[in-house]
Structure formats: structure tokens, C-alpha cells
Amino acid sequence: MLKPGTFILALLYCTLCQAQYDSISVPSGRHFNLKLSYNSSLIYPGMSTGVEYSLNHINERVLKNQKPGRDYKKERFISGNLNWYHHPYFHDNLYLTAEWVMRRTRFTGFISEFSAGPGFSRTFLGGTTYKVDDAGNISVIKLAGYNYALITIGGGFGYDFSMKKQLPFSTVAKMNLISMFPYNSTIYFRPVLEIGIRYTPGKSKNKVSKQSVTISK
Amino acid sequence: MKKVFFLSLLLLFSGCQKEKITISGNVSEAFYVDNAGASMRVLVQGNTASKTFILFIHGGPGVSSYFYDTKYISQNIGDKYGIVYWDQRNAGASQGTSNGGNLHLDQMVEDLKKVIEVLKFRYGQDMSLFLLGHSFGGLIVADFITRPGYQNMIKGLIDVDGSHNYPLNDTLTRQALLTEGNYQVSQNRNVNDWRPIISYCNAHQGNFSLEESQQLETYATVAENYIDSIKHINMLNLVLKYSIPNEIPLTAVLCNLLYTEDSNFNKELAVTQFSTSLNIVTIPVLVLWGKFDFTCPQALGEDFYNRISSTDKSMVISPKSGHNIIFQDKKFFCDNVNEFVLNHK
């Protein structure tokens with residue numbers, strides 16, 4: 001009884017793994033993006049700018065019942081970002097991040113992505129900072145603030161204008177959670193909303209031709 | 001080009017930290033005091049032209065001073081005097097790195113001393129300064145004013161539902177819960193709610209461990225909900241109401257609170273008392289208390305009041321308050337604070 005069952009399961013698995021879709025790696029698709037975005041948490045303003053370098057680019061077609069389904073473009077990037085936000089009377093935070101980005105773009109242009117990576121934060125306290133020595137002498141500390149290690153994780157959605165039109169831009173809205181440590185001997189979490197645009201220099205029409213996708217039967 | 005970029009950044013951030021001292025009738029400005037690994041936020045609001053300041057020492061430990069900064073207090077005390085909200089180390093918007101080792105009462109009192117020195121540096125040595133300690137803040141001010149010479153730095157002290165003696169506090173909380181609980185049950189009010197509290201108090205009669213102390217505090221907080229004559233305050237609503245207008249860094253406040261609540265520091269506090277040294281206190285003192293405060297019962301305020309040597313002292317009880325008289329009977333609170341400061345500035 002077990003053998004036919006195992007065989008059917010194995011067959012189904014192979015069907016799912018191989019017959020349902022096919023992927024083509026397109027090394028020539030490597031490119032880089034420039035990013036500029038508004039980087040805020042709630043009402044507190046900020047900016048983020050960065051560069052993404054494409055490492056991997058796969059066009060993928062999912063078949064449903066052996067019929068063409070959705071087409072995707074899967075990309076992997078590494079990105080370097082310089083970010084800043086301003087929280088009055090609390091701090092200004094200038095932080096650098098290096099992120100691993102996984103992005104999936106439908107051929108309609110809809111983007112979904114996930115990113116994570118380490119970083120370094122330098123805060124600047126939100127007011128004049130005084131130091132009082134044991135003799136009672138008071139001095140002002142210039143550019144007072146702290147250095148923290150940082151980890152960021154985030155996900156978001158966007159739209160790639162190059163998929164339908166010949167525009168080398170995409171927009172993105174992304175929620176990041178940054179964690180800074182050691183912050184008062186604990187970890188400080190802060191949700192940060194990023195809304196911005198990406199520009200791909202030298203990018204022409206990005207539609208993938210039908211020849212680039214092979215459909216397995 | 002690079003130099004210009006970094007110079008611009010430096011100018012931007014140094015601009016935010018530019019020393020700003022405003023003397024006027026309606027001020028709102030913040031500065032930080034750096035001490036022993038912590039940069040503590042100090043927010044100054046209200047009428048600094050009066051040259052009279054009330055420094056709020058918040059409760060907790062780990063609760064922020066942000067929550068005391070309400071519109072009512074701004075309009076009814078801040079219009080007359082400067083109000084100073086100090087975030088203690090590892091609380092509120094105070095910042096630092098690996099500074100947990102310095103989280104103890106002795107360090108906090110030294111922090112307070114330095115905050116006062118900076119206030120006088122900014123607003124003039126001739127300023128009149130009053131300390132207002134609430135709840136755990138009462139322990140910091142009790143420690144502060146019983147150190148030789150420290151009470152001379154201030155004009156007067158306002159003790160609001162403060163705790164100057166943690167072991168006594170636990171004993172009195174148990175007694176107050178038992179007394180009020182039995183009375184409420186006899187009146188057939190919230191019987192099912194009071195019964196577990198009464199049972200716990202009967203089962204734990206003294207020499208309390210930290211866990212017992214924390215459980216008593218939890219019961220003391222919830223017991224206020226079973227007294228109909230108290231004005232009930234929803235602290236979460238208060239936080240949400242002021243989080244944007246007061247620009248509260250909510251996640252920092254929460255992270256600090258969770259760390260401080262769970263730190264070993266609380267073991268040190270559980271055995272701390274200043275009853276035996278309060279006799280050296282001679283400055284004017286106002287004691288404000290809520291009649292239904294089970295967290296720091298009225299008898300604790302009476303112990304403080306009876307032990308200080310001040311000849312100019314008064315104790316006033318709010319009949320409709322629990323532990324948070326500042327919010328539960330705000331008119332009573334502001335009227336009494338204003339009168340005391342006016343008479344002693």
C-alpha cells in the first residue's frame with residue numbers, strides 16, 4: 001500500500017517542482033538602481049538615499065494546469081543606503097545600512113519586496129547637551145550622540161514603470177523596522193516608513209520577450 | 001564636494017544642538033544632561049520669566065516624564081511658573097549605550113543634582129526651584145533631601161503619592177487593601193473582585209519578597225477600579241492622546257520601561273527606606289495624597305509628614321483620587337501646587 005502512495009506523492013512533487021514553472025537566468029539583466037525616498041516614522045521627517053546592485057535576475061512563469069499563468073521577474077540585490085530621520089527633542093539619526101533585497105515584479109509592473117541587513121547608526125541628541133564635572137563645572141558637549149549597531153528588516157510594495165512603459169523608474173512604499181543596540185543596555189526598535197522612487201540608469205524597455213521563457217510540458 | 005557634504009551634515013546636526021535659552025511666558029525647549037553613561041532629556045515648559053521652576057520627578061522606575069506633560073498642567077501651572085520634566089536614566093527619551101550597570105538609586109540622585117546645577121546655569125542662580133516627586137519619584141527626592149546640604153539647593157518639596165520607604169510601603173499597601181476590601185465586601189460592592197485580593201493579603205502577612213511586593217502593587221493598581229468614587233484614568237488613552245502633540249518616542253519609552261521594570265535595580269529598591277533620616281529635612285514641604293491610593297497608601301504620606309522637621313509643612317488629601325492625583329483630581333492638584341509655590345518662591 002505504501003509504495004504506490006509514495007510513488008504518487010513523489011510524482012506530484014516532481015510535477016510541482018519541475019513541470020509547473022520554468023526559470024531562465026538572465027545574467028545580462030544585471031544593473032544598478034539609484035534610490036531616493038522620504039523616510040519617516042509617523043510624523044517625523046527623514047530622507048533615504050542609496051544604490052542597489054543587481055546580483056541575480058530570473059524570469060519566471062508559473063503554469064496552472066499546464067496553461068500559462070502569471071509571469072514574474074525575480075531579482076536579488078545588494079544595496080547600500082544612507083538614511084536619516086529627525087525626531088524633535090529626541091534625536092536625529094543618521095544611519096548606514098547594507099541590505100540584501102529580494103524583489104519580485106509581476107509583468108503588470110506590481111512589485112513586492114523584502115529586505116534585511118546590518119547597519120551602523122550615529123545619533124545626535126535633540127538638544128544642547130551639558131556635562132557637569134565633580135567640581136560643578138559645566139560644559140557643552142558638541143555633536144553629542146551615540147553610535148549603535150543596527151539591523152533593519154522590511155517589506156513593501158511598489159510599481160515598476162519600465163514593465164509597461166519605457167520609463168526607467170519604479171516607486172516603492174516600504175515599512176522597515178530598525179533595531180539599534182546596545183541602547184540603554186537594551187534594544188531600541190523603531191518602525192520607519194519609506195516612500196520613494198528608484199531610477200535605473202541606462203535602462204531601456206524591460207519587457208521580457210516571449211522567447212526568454214520556456215514552458216515545460 | 002565630499003567636504004561640502006560632510007560640512008553640511010555637521011552644520012545641520014550642530015544646529016539642532018545649538019544652545020537655546022528662552023526667558024519668556026510661554027517656553028518649550030529641551031536639553032540633555034550627560035552623566036555616567038546616560039544622556040537624560042530635560043524639557044522646560046511654561047513661564048521661565050517667573051524665575052520660578054517646578055521640577056517633576058517621575059514615577060516608575062522607568063516611566064517617562066512625558067506623561068505628566070498635559071494640557072491642563074500647562075494651562076494651570078505652566079502659565080505661572082516654569083515646569084521642568086526630567087527623564088531619569090533608562091527612562092523616556094533618555095539615551096545611552098551599555099549603561100545598565102549605573103542604574104541604581106545613588107546614581108539617580110547624583111543625576112538629579114546635576115540636572116539642578118544645569119538648570120541654574122541656564123536660568124540663573126537666583127531662580128526658585130521646587131521639586132515635585134510622584135510615586136517612585138518620592139524615593140528619589142527623599143534620598144536627595146536627606147543628603148547633607150542638598151536640600152539647600154531647592155526652595156521647597158512637593159511629595160505627591162510618593163514612596164520614601166519601600167518595606168513600609170508594602171506593609172501599608174497590604175493593610176489598606178485588607179481594610180478597604182473588607183469594607184467593600186461588607187457593603188456588597190464588587191465582592192468577586194475583592195475576594196482574591198483579600199485572600200492574597202491574608203496569605204501573605206509580612207517580610208515580603210520582591211515577587212510578593214510586585215503582586216501587592218498589581219492588586220493596589222487594580223483595586224482602584226473597584227472604588228466607585230474615584231475618577232478612573234485610562235493611561236493608554238492618555239498616551240495615545242499626547243503621543244503626537246508631545247512628540248513622544250513611544251518605542252524608546254516602551255523599551256526603557258520594559259528594561260527598567262525587569263532590572264535587578266528593583267531588588268535594591270525593595271529594601272530601601274529613608275524614614276530614619278527624614279528628621280534632617282527643614283525646608284517647606286507640601287504633601288498631596290489620594291484618599292484611595294493603595295499603591296502608596298495615605299499612612300505612608302503621614303509617616304513622611306510626621307518624620308520631617310520642617311515647621312512649614314502641610315498635608316492635603318484628595319477625596320476622589322487614587323495613586324494618580326495629578327490626573328484624577330487635576331484642579332485640586334494644580335490649586336495646591338500653585339498656592340504652595342506662590343507662598344514659598
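Reply: Please keep in mind that this is a predicted model. Let us begin with a strand and its partners: strand β3 (residues 52–57) of chain B is joined to strand β4 (residues 82–86) of chain B by 5 bridges, and the two run parallel. Within that pairing, B:Phe53 has B:Gly82 of β4(B) as its bridge partner.

Me: Which way does strand β2 (residues 38–46) of chain B run relative to β4(B), parallel or antiparallel?

Reply: Those two strands run antiparallel, and 5 bridges join them; one residue to look for is B:Val44, whose bridge partner in β4(B) is B:Val84.

Me: How many residues of β4(B) are buried, and which of them point one way from the strand?

Reply: For burial, one counts the other C-beta atoms around a residue, and 20 or more within 10 Å make it buried. In β4(B) 5 of the 5 residues are buried, so the strand is largely enclosed by the rest of the structure. B:Gly82, B:Val84 and B:Trp86 point one way, while B:Ile83 and B:Tyr85 point the other way.

Me: How should I read a helix, for instance helix α3 (residues 105–123) of chain B?

Reply: An α-helix has 3.6 residues a turn, so residues three or four places apart point the same way. The helix α3(B) has 19 residues, and the 27 Å from its first C-alpha to its last is close to the 27 Å expected at 1.5 Å a residue. Its buried residues include B:Met108, B:Leu112, B:Val115 and B:Leu119, and also B:Asp111, B:Lys114 and B:Arg122. Just after the helix, B:Gly124 takes a positive phi of about 105°.

Me: At what angle do helix α5 (residues 166–186) of chain B and helix α6 (residues 191–203) of chain B pack?

Reply: Two packed helices are described by the angle between their axes and the distance between the axes. Here the angle is about 145° and the axes are 9 Å apart, and α5(B) passes α6(B) in a left-handed crossing. Among the residues that make the contact are B:Leu177, B:Leu178 and B:Gly181 of α5(B), together with B:Trp194 and B:Ile198 of α6(B).

Me: What pattern of elements does chain A follow along the sequence?

Reply: Chain A has 1 helix and 11 strands, in the pattern α-β-β-β-β-β-β-β-β-β-β-β. Of its 217 residues, 32% count as buried.

Me: Which strand of chain B is joined to β7(A)?

Reply: The partner is strand β1 (residues 27–35) of chain B, which runs parallel to β7(A) and is joined to it by 4 bridges. A:Thr128 stands opposite B:Phe31, and A:Lys131 stands opposite B:Asp34. Within its own chain, β7(A) is also joined by 4 bridges to β8(A), and these two run antiparallel, with A:Val132 opposite A:Ile138. The hairpin of β7(A) and β8(A) has 5 residues between the strands, and there A:Gly136 takes a positive phi near 90°. Because 4 of its 5 residues are buried, β7(A) is largely enclosed by the rest of the structure.

Me: How many residues of chain A are in contact with chain B?

Reply: There are 34 residues of chain A in contact with 36 residues of chain B. The elements that give two or more residues to the chain A side include β5 (91–106), β6 (110–125) and β7 (128–132), and the residues of that side divide into 19 nonpolar, 11 polar and 4 charged.

Conventions:
Residues are numbered from 1 along each chain as its sequence is written. Chains are lettered from A and ligands numbered from 1 in the order in which they are written. This is a predicted model: local features need pLDDT of at least 70, side-chain atom pairs count only at pLDDT 80 or more; totals for chains, interfaces and linings use all residues. Two residues are in contact if their C-beta atoms, placed from the backbone, lie within 7 Å. Ala, Val, Leu, Ile, Met, Phe, Trp, Tyr, Cys and Pro count as nonpolar, Asp, Glu, Lys and Arg as charged, and the others, Gly among them, as polar. Two strands pair if DSSP finds at least two bridges between them. The expected span of a helix is 1.5 Å times one less than its number of residues. A residue is buried if 20 or more other C-beta atoms lie within 10 Å of its own, exposed if 12 or fewer, and partly exposed in between; C-beta atoms are placed from the backbone. Axes are lines fitted to C-alpha atoms, for helices over the stretch in contact, and angles run from 0 to 180 degrees between N-to-C directions. A crossing is left-handed if the near helix is turned anticlockwise from the far one by less than a right angle, and right-handed if clockwise.
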